[in-house]
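Biologist: I am new to reading protein models. Can you walk me through some features, one by one?

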Amino acid sequence: MTTALVLAGGGVAGIAWELGVLRGLADADPALAERVLAADLIVGTSAGASVAAQITSGAPLDELYAAQLLPETAEIEVDVDLAQLFAELGAILTTATGPTDAGRRIGALALAASTVDPAARLAAVAARLPVQTWPDRNLLVTGVDAATGELAVFTRESEVSLCDAVAASAAVPGVWPPVAIGGADYVDGGVRSLTNADLAAGAHRVVVIHPALAGAPQPFGDLAAETAALGPVAVQVINADEASVAAFGANPLSPLTRAASARAGRAVGAAQARALAACWA
């Protein structure tokens, strides 16, 4: 029986929250947390790509979680009007002829945007990674080709640096610069779907860690459709609760959200351990 762990997008707050969820699972059921961390397949999108790279690095989960509580961070504070940005992206989504067209148009927006220096952004992402090399694990990191709108899935066989792959997956359009890889520019894998859970096809047990309220509108992708496409498999989704959303605040990209989001995620993980254990028995 193969297992898959799907880690969704959610900004800097999402990174802290997802690590908190995993830490909470370990609080309640250490053996369960070990099974989740040892999943046969890990799919990481945007924030989830950073978490995936961290938990497959060999660094202890306790250390990864504890780092989120520290005020010191290499994360970049960014002043962005998220309401305006989401309005622009929403307008593209409502008029696009399909996901690829939407990805291409959002990619164009990202390429035209004035953002931080690409080298500074790469340095911030590199600081998240305990090691700079791909793990000997089945890890999928998602991105979207800014020119074509097509999904890109980076793996250790892709001949792409882990830092570049993770940075591309988290290149929020209009906020962070697209990442140049092999002659192409890539933007956030969340442009295709914030979860990309359909990439877990073939697994018999799947857990999705999703920093959003259950049933909340998903601007990119459709988690229900993605999990339905997996077929008759055991799927457990761990969603955020109201306390978690409050911790995310108005700007989940802000490093100031890290500690509160990590603690909120830890509480959610501990509370969801029993339900997950029934799915991953």
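Modeller: Start with a definition. A salt bridge is a side-chain nitrogen of Lys or Arg within 4 Å of a carboxyl oxygen of Asp or Glu. Keep in mind that this model is predicted.

Biologist: Which residues are linked in a network of salt bridges?

Modeller: Arg23, Asp27, Asp62 and Arg266 form that network. A search of the whole structure gives 9 salt bridges.

Biologist: What does Arg23 pair with, and how far apart are the closest N and O atoms?

Modeller: One partner is Asp27, at 2.5 Å. Another is Asp62, at 2.8 Å. The pair Arg23 and Asp62 joins helix α1 to helix α4, so it ties together parts that are 39 residues apart in sequence. Arg23 and Asp27, in contrast, both sit in helix α1 (residues 11–28). They are 4 residues apart, about one turn of the helix.

Biologist: Are these residues buried or exposed?

Modeller: Use the cut-offs. Buried means under 20% relative accessible area, exposed means over 50%, and partly exposed lies in between. Arg23 has 13%, so it is buried. Asp27 has 37%, so it is partly exposed. Asp62 is also partly exposed, at 46%.

Biologist: How many residues of α3 are buried?

Modeller: Count them against the same cut-off, under 20%. In α3, 9 of the 9 residues are buried, so the helix is largely enclosed by the rest of the structure. Among them are Ala47, Val51 and Ile55.

Biologist: Which loop holds Ser46, and what is its phi?

Modeller: Ser46 lies between β2 (41–44) and α3 (47–55). Its phi is positive, about 55°, although Ser46 is not a glycine. Ser46 is buried, with a relative accessible area of 7%.

Biologist: Where is Asn196, and is it buried or exposed?

Modeller: Asn196 is in the loop between β6 (184–188) and β7 (205–213). Its relative accessible area is 0%, so Asn196 is buried. Asn196 also has a positive phi, near 50°.

Biologist: Which residues form a negative surface patch?

Modeller: Look for Glu77, Asp79, Asp81 and Glu88. Take Asp79 as a case. It is found in the loop between α4 (61–69) and α5 (82–95). Its relative accessibility is 80%, so Asp79 counts as exposed.

Note on methods
Residues are numbered from 1 along each chain as its sequence is written. This is a predicted model: local features need pLDDT of at least 70, side-chain atom pairs count only at pLDDT 80 or more; totals for chains, interfaces and linings use all residues. Side-chain values use heavy atoms; hydrogens and water are left out. Patches are made of residues with over 30% relative accessible area and no salt bridge: like charges are joined within 9 Å, nonpolar side chains (Val, Leu, Ile, Met, Phe, Trp, Tyr) within 5 Å. Accessible areas come from the Shrake-Rupley method with a 1.4 Å probe; for residues, only the protein chains shown count as cover. Lys and Arg count as positive and Asp and Glu as negative; His and the chain ends are not counted. The place of a charge is taken as NZ of Lys, CZ of Arg, CG of Asp or CD of Glu. Helices (H or I, at least four residues) and strands (E, at least two) are DSSP runs, numbered from the N terminus. Buried means under 20% relative accessible area, exposed over 50%, partly exposed in between (1.4 Å probe, protein chains only).
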